[in-house]
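Please open the model in your viewer and keep the selection tool at hand. This tour goes from one stop to the next, saying at each what to select and what is there.

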Amino acid sequence: MIRLWILALQMSELFVSSVVHLAYGFYIFSTAVASDLSQALNDYFKPTVNIEMMEDEPRRGSPSVDGLPPIVLIHGIFGFGKGRLGGLSYFAGAEKKDERVLVPDLGSLTSIYDSWGGQVDYGEEHSKAYGHSQFGRIYEQGHYPEWDEDHPIHFVGHSAGAQVVRVLQQMLADKAFKGYENASENWVLSITSLSGAFNGTTRTYLDGMQPEDGRCMKPICLLQLCRLGVIVYDWFDIPWLKAYYNFGFDHFNMSWKKMGVWGLVDCLLGNTGPFASGDWILPDLTIQGSMRLNSHLNTFPSTFYFSYATKRTRKIMGVTVPSGILGIHPLLFIRVLQMSQWRHPPDVPPPYKGYRDEDWQDNDGALNTISMTHPRLPIEHPSRFVVNDSDCQPMQPGIWYYKIVEADHILFIVNRERAGVQFDLIYDCIFERCRKHVFRKTPPNSTQPTQFPVQ
């Protein structure tokens, strides 16, 4: 009887979570469509006025933007870059705060390794191991063709996007891109993380990943519903819809044109595709998956690092609970509560030596706060906690400066009005740091990356 009651509660929670996530997805999609229609109608009825424009003279005292390193904003899971979802901005228009900001579109559910790539070459060994094409989408023109060590870039990554940037920097250091043998880690001037997924999250287990290995999914869970939806979406392969939003699995050839009906059945049964091989984002976001990834990633001595760790929890009489109701997005409130009460299954070995549930209870509804400060598993990287942004000036490269901010996971994206003044404060600080406080005084030297063992 007790088991039936627990099962009923679990199914009810799954139903509520599914409805909430579908409703939010529909809200985002409909908002983008409505915005595009409004813009199209406005352009159609707006009178055409031909005005001969003279080239503006440069404003006196204004610096030339041509010499400034671009700031590249990298979206997280289920995210999108410029050109997707019409005129909707993942970063809620933050890219307009600076004249040299790029917002590329990467795979929203692809594994962190598969997110990067001219024509994307995933590597022969990796492609064979995970059962997909070696070559992916063709990018005719890069966003910043002159990119090299003398023209480095600032990166700002939200959520999983922060880890994606770290993988890119390591791939540059390892000269993993064919035709770019001169690449190095010094192509990256700074990395700023906003709610970055450095060490995994216990939410993956709540959503359906098995805590035993962090690779497989439970038979009935939210992620299984997500898997079915993504497979069907990619199989129908509707051109205008895929151009509007793409999960990034084109290299798995899941279109009906290439796999047919029986291929769809095989995918749905879990025999083929990214979910069968584990070559998608969620395994990388488990604690075990993040440790596997982090074991190959370094913190480099010539790069500047800063991270904003977010939390929406507080302690009351020693118990971690959500810090209010109104300040947490409805999409995340249940998960904030569940993550604050998370207990690793007693019959399952802990993900690492020294693991404690209480260390992972503070969270923002998607990631645990301990995971967002800096890379710490399996090897802790040098870090420094700051209360005010001015505390880290002048900044030193090779150190993860981190600040804890009261916010849920999506406060600083999509909907600017939700964050209010806090939105401007945090992005103004990020862009000001990139422009005024992050620079190399001397040419970078090729030295060993900095790492410290966990105490």
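A residue is called buried when its relative accessible area is under 20%, exposed when it is over 50%, and partly exposed in between, with a 1.4 Å probe and protein chains only. Before you start, note that this is a predicted model, in which local features need pLDDT of at least 70 and side-chain atom pairs count only at pLDDT 80 or more, while totals for chains, interfaces and linings use all residues. Residues are numbered from 1 along each chain as its sequence is written, and side-chain values use heavy atoms, with hydrogens and water left out.

**Stop 1: salt bridges**

Select R435 and D98, whose side chains form a salt bridge with the closest N and O atoms 2.9 Å apart; the term stands for a side-chain nitrogen of Lys or Arg within 4 Å of a carboxyl oxygen of Asp or Glu. R435 is partly exposed, at a relative accessible area of 22%, whereas D98 is buried, at 17%.

Next select E406 and R312, which meet in a salt bridge with an N to O distance of 3.9 Å. This pair links distant parts of the chain, 94 residues apart, since E406 belongs to strand β11 (residues 400-406) and R312 to the loop between β7 (304-311) and β8 (313-316). Helices (H or I, at least four residues) and strands (E, at least two) are DSSP runs, numbered from the N terminus. How accessible is E406, as a relative area? E406 has a value of 37% and is partly exposed, while R312 has a value of 14% and is buried.

A further pair to select is E358 and R356, whose side chains form a salt bridge at 3.6 Å, N to O. E358 is partly exposed with a relative accessible area of 44%, and R356 is partly exposed as well, with 42%. A search of the whole structure finds 15 salt bridges.

**Stop 2: the nonpolar core**

Which residues have the most contacts inside the largest nonpolar core? Select F249, W280, F412 and Y427, which are the ones with the most contacts in this core of 106 residues; a nonpolar core is a set of buried Ala, Val, Leu, Ile, Met, Phe, Trp, Tyr and Cys residues joined through side-chain atoms within 4.5 Å. Helix α3 (residues 160-173) gives the most to this core, with 8 residues.

Stay with F249 and show its surroundings: leaving out residues up to four places away in sequence, F249 touches L109, T110, V230, D234, M254, P274, F275, D279 and W280, where contact means heavy atoms within 4.5 Å. Then select V230, which lies in helix α5 and is buried, with a relative accessible area of 2%. With the residues up to four places away in sequence again left out, V230 touches L109, F247, F249 and F275.

**Stop 3: two helices**

Two packed helices are described by the angle between their axes and the distance between the axes. Select helix α5 (residues 222-236) and helix α7 (residues 256-268), whose axes come within 9 Å and cross at roughly 165°; axes are lines fitted to C-alpha atoms, for helices over the stretch in contact, and angles run from 0 to 180 degrees between N-to-C directions. The helices α5 and α7 are therefore roughly antiparallel to each other, a description used for angles over 145 degrees, while those under 35 count as roughly parallel, 65 to 115 as roughly perpendicular and the rest as oblique. To see where they meet, show the side chains of R227, L228, I231, V232, W235 and F236 in α5 together with W256, M259, G260, V261, L264, C267 and L268 in α7.

**Stop 4: backbone details**

Most residues other than glycine have a negative phi, and most peptide bonds are trans. Select L377 and P378, where the peptide bond from L377 to P378 is cis, with omega near -5°; P378 lies in the loop between α12 (369-372) and β10 (383-385). Then select L85, a residue other than glycine with a positive phi, near 50°. L85 is in the loop between β1 (71-74) and β2 (101-102) and is buried, with a relative accessible area of 4%. Finish with V414, which is not a glycine and has a positive phi of about 65°, in the loop between β11 and α13 (416-419).
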